[in-house]
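Subject: Handing over a structure, with notes

Dear colleague,

I am passing on the structure below, and I would be glad if you read the notes that follow with the coordinates open beside them.

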Amino acid sequence: MTGSVAFPPAGFRRLVSAVTQRTGLHYYVDKTDLLKQAVGARMLLHGCATCHDYLALLSDGARGDAEWQELESAITIGETFFFRYAEQFQALEHTILPQLIRRAAATRHLRIWSVGCSNGAEPYSIAILLTRLLEEAGMEPCDWHIEILGTDISSRALEQARQAEFSAWTLRDIPPARRQGWFTPVTPRTWRLHERYRRMVRFRYSNILDLLQPDCGPAGPFDLILCRNVLIYFEQAQVAALVKAMAGRLAPEGWLLQGHSEPLCDFAPLLETVRLPGTLAFRVPPACEPAPMPPAPPAVPRRRPVHDAPPAQSVDSAGIAAEIRRVADSGHVRRGMQMCRDYLARNPVDASIHFLFAVLAWGEGSCLQAEESFRRVIYLCRNHVMAHCYLARLLEEAGGRAQARRLREQMIALVRRCPPDTILPDGGGLTAGGLLRLAQQVGDMPVARDARVSS
């Protein structure tokens with residue numbers, strides 16, 4: 001892809017700096033091959049011979065702004081599906097949205113913001129759920145003024161969201177009867193969301209880092225903000241600043257939901273932590289008014305680097321992993337899974353424990369939980385070979401053959417970059433050369449999905 005373009009070291013450092021300053025995607029500091037691949041494709045398209053030429057294009061007024069949006073789309077990860085994180089949607093259905101509906105009964109006005117909305121599955125899921133709750137309460141959704149805003153840094157994802165057409169794979173967690181009630185088939189493998197839900201949601205381009213600038217970003221107040229799988233790569237101080245900025249856009253008693261593996265902070269007194277079955281949520285305390293906007297922090301560093309190698313396990317991490325394996329291998333798999341959850345609540349970026357949880361969940365038949373956790377491992381450590389290997393097999397068994405094939409190709413590319421005698425992290429002693437031989441023999445590593453997880 002980049003064979004006819006050049007990346008002189010000084011110029012490439014400038015390019016990496018520009019990308020991290022603009023997007024906050026700091027993990028590209030350590031992912032030079034991935035960034036060169038994405039940038040190389042854009043350079044070839046525009047006839048840029050070196051990254052100096054491409055930087056000049058990015059700085060060229062309106063042309064540069066348009067190219068930035070294309071580049072942001074190319075380097076942004078946007079994997080999602082409808083009703084992702086079942087525990088959080090249970091909390092939305094049984095606690096959060098019913099409270100918001102009761103509180104807004106007089107005005108019949110609700111505002112909801114989905115940060116990092118990707119292809120629109122999250123805000124559309126909220127529209128479907130909110131419509132059902134209003135109807136079950138004997139109210140007509142058309143009598144309410146409901147604003148659901150979806151924002152993202154990827155213009156391509158936003159265009160997909162506006163089209164509201166989804167593959168059967170994206171709808172995989174929706175029972176067939178409900179799929180038929182909410183969507184209209186376009187092709188045998190493509191479905192379009194009904195207009196009654198589409199008109200509740202609007203989309204716009206927005207970078208979450210805009211919140212750290214005065215008078216930038218979507219204006220509140222919002223009754224509910226969902227910011228899931230967005231903050232996980234940020235520095236802790238940056239996470240606190242962004243959450244404070246979102247808290248300042250919440251209505252009194254408004255709610256904030258983060259992803260399960262986001263860095264956990266104590267946001268008191270701005271937000272109180274509410275423990276709901278299977279998840280945590282944050283809420284503006286009843287006696288508090290919306291918080292003022294915090295001053296903008298320094299522009300860098302924007303995000304915590306996600307390293308090429310798995311984060312080194314501490315003594316405590318290695319010890320808890322060994323104990324979890326012992327518990328699971330003795331037949332107490334669910335107890336082992338809970339031990340993983342407890343540890344990750346305190347250490348949300350430990351890739352090895354996320355991987356261990358995924359293996360246990362898959363062995364218990366919780367395929368969606370396993371998929372989420374394998375993807376989390378890859379988010380945290382993009383060259384984690386075994387996570388690619390296991391996730392490819394899981395997706396293949398679920399019918400996602402195209403995604404499985406791409407993951408397997410990525411896995412092979414990663415393995416070929418390692419010396420043959422390299423012992424693969426979380427591979428139970430398997431070497432890079434051994435995995436390559438297995439892949440050549442059977443097309444993929446034969447993954448065992450029983451409860452035994454001893455290395």
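Are α14 and α15 roughly parallel or roughly antiparallel to each other? Helix α14, residues 367-380, packs with α15 at an angle of about 150°, their axes being 9 Å apart; since angles over 145 degrees count as roughly antiparallel, the two helices α14 and α15 are therefore roughly antiparallel to each other. On the α14 side the contact is made by C367, A370, E371, F374, R375, V377 and I378, and on the α15 side by A387, H388, Y390, L391, L394 and L395. Sorted by class, the residues of this contact between α14 and α15 are ten nonpolar, one polar and two charged. The crossing in which α14 passes α15 is left-handed.

Before going further, please keep in mind that this is a predicted model. The chain has 455 residues, of which 52% count as buried, and it contains 17 helices and ten strands. Its accessible surface comes to about 20000 Å², with 52% of that belonging to carbon and sulfur atoms. Among the contacts between residues at least 6 apart in sequence, 72% join residues at least 24 apart.

Other packing of α15

Helix α15 also packs with α16, residues 401-416, where the two axes come within 8 Å and cross at roughly 160°; α15 and α16 are therefore roughly antiparallel to each other. From α15, the residues V385, H388, C389, L391, A392, L395 and E396 take part, and they meet R401, Q403, A404, L407, R408, Q410, M411, L414 and V415 of α16. By class, that contact of α15 with α16 holds ten nonpolar, three polar and three charged residues. Here too the crossing, that of α15 past α16, is left-handed.

The remaining pair to mention is α13 with α15, that is, residues 351-363 with residues 385-398, whose axes come within 11 Å and cross at roughly 25°. That angle makes α13 roughly parallel to α15, and the crossing of α13 and α15 is left-handed. The residues that meet are F355, V359 and W362 in α13 and M386, A387, Y390, R393, L394 and E397 in α15. In terms of class, the contact of α13 with α15 has seven nonpolar and two charged residues, and no polar ones.

Still in helix α13, you will find H354, which is buried, with a relative accessible area of 4%. The C-alpha atoms of H354 and L380 are 9.6 Å apart in space, although the two residues are 26 apart in sequence.

Two residues in strands

L224 is placed in strand β7, residues 222-227, and at 0% relative accessibility L224 counts as buried. If its neighbours within four places in sequence are left aside, L224 is in contact with L92, I96, L97, L100, R111, I112, W113, L250 and W255. The C-alpha atom of L224 is separated by 7.9 Å from that of L257, which lies 33 residues away along the chain.

W191 lies in strand β5, residues 190-193. Is W191 buried or exposed? With a relative accessibility of 12%, W191 counts as buried, the limit for that class being under 20%. Not counting residues up to four places away in sequence, W191 touches A164, E165, F166, L171, R179, Q180, F183, T184, P185 and V186. Between W191 and S167, 24 residues apart in sequence, the C-alpha to C-alpha distance is 6.3 Å.

Backbone points to check

A164, which is among the residues touched by W191, has a positive phi near 60° while being a residue other than glycine. A164 lies in the loop between α7 and β3, and A164 is buried, with a relative accessible area of 0%.

R108, likewise not a glycine, has a positive phi of about 55°. R108 is found in the loop between α5 and β1, and at 32% relative accessibility R108 counts as partly exposed.

Finally, the peptide bond that joins G220 and P221 is cis, with omega about 0°; P221 is placed in the loop between β6 and β7, and β7 is the strand in which L224 lies.

Conventions:
Residues are numbered from 1 along each chain as its sequence is written. This is a predicted model: local features need pLDDT of at least 70, side-chain atom pairs count only at pLDDT 80 or more; totals for chains, interfaces and linings use all residues. Side-chain values use heavy atoms; hydrogens and water are left out. Axes are lines fitted to C-alpha atoms, for helices over the stretch in contact, and angles run from 0 to 180 degrees between N-to-C directions. Helices (H or I, at least four residues) and strands (E, at least two) are DSSP runs, numbered from the N terminus. Angles under 35 degrees count as roughly parallel, over 145 as roughly antiparallel, 65 to 115 as roughly perpendicular and the rest as oblique. A crossing is left-handed if the near helix is turned anticlockwise from the far one by less than a right angle, and right-handed if clockwise. Contact means heavy atoms within 4.5 Å. Ala, Val, Leu, Ile, Met, Phe, Trp, Tyr, Cys and Pro count as nonpolar, Asp, Glu, Lys and Arg as charged, and the others, Gly among them, as polar. Buried means under 20% relative accessible area, exposed over 50%, partly exposed in between (1.4 Å probe, protein chains only). Accessible areas come from the Shrake-Rupley method with a 1.4 Å probe; for residues, only the protein chains shown count as cover.
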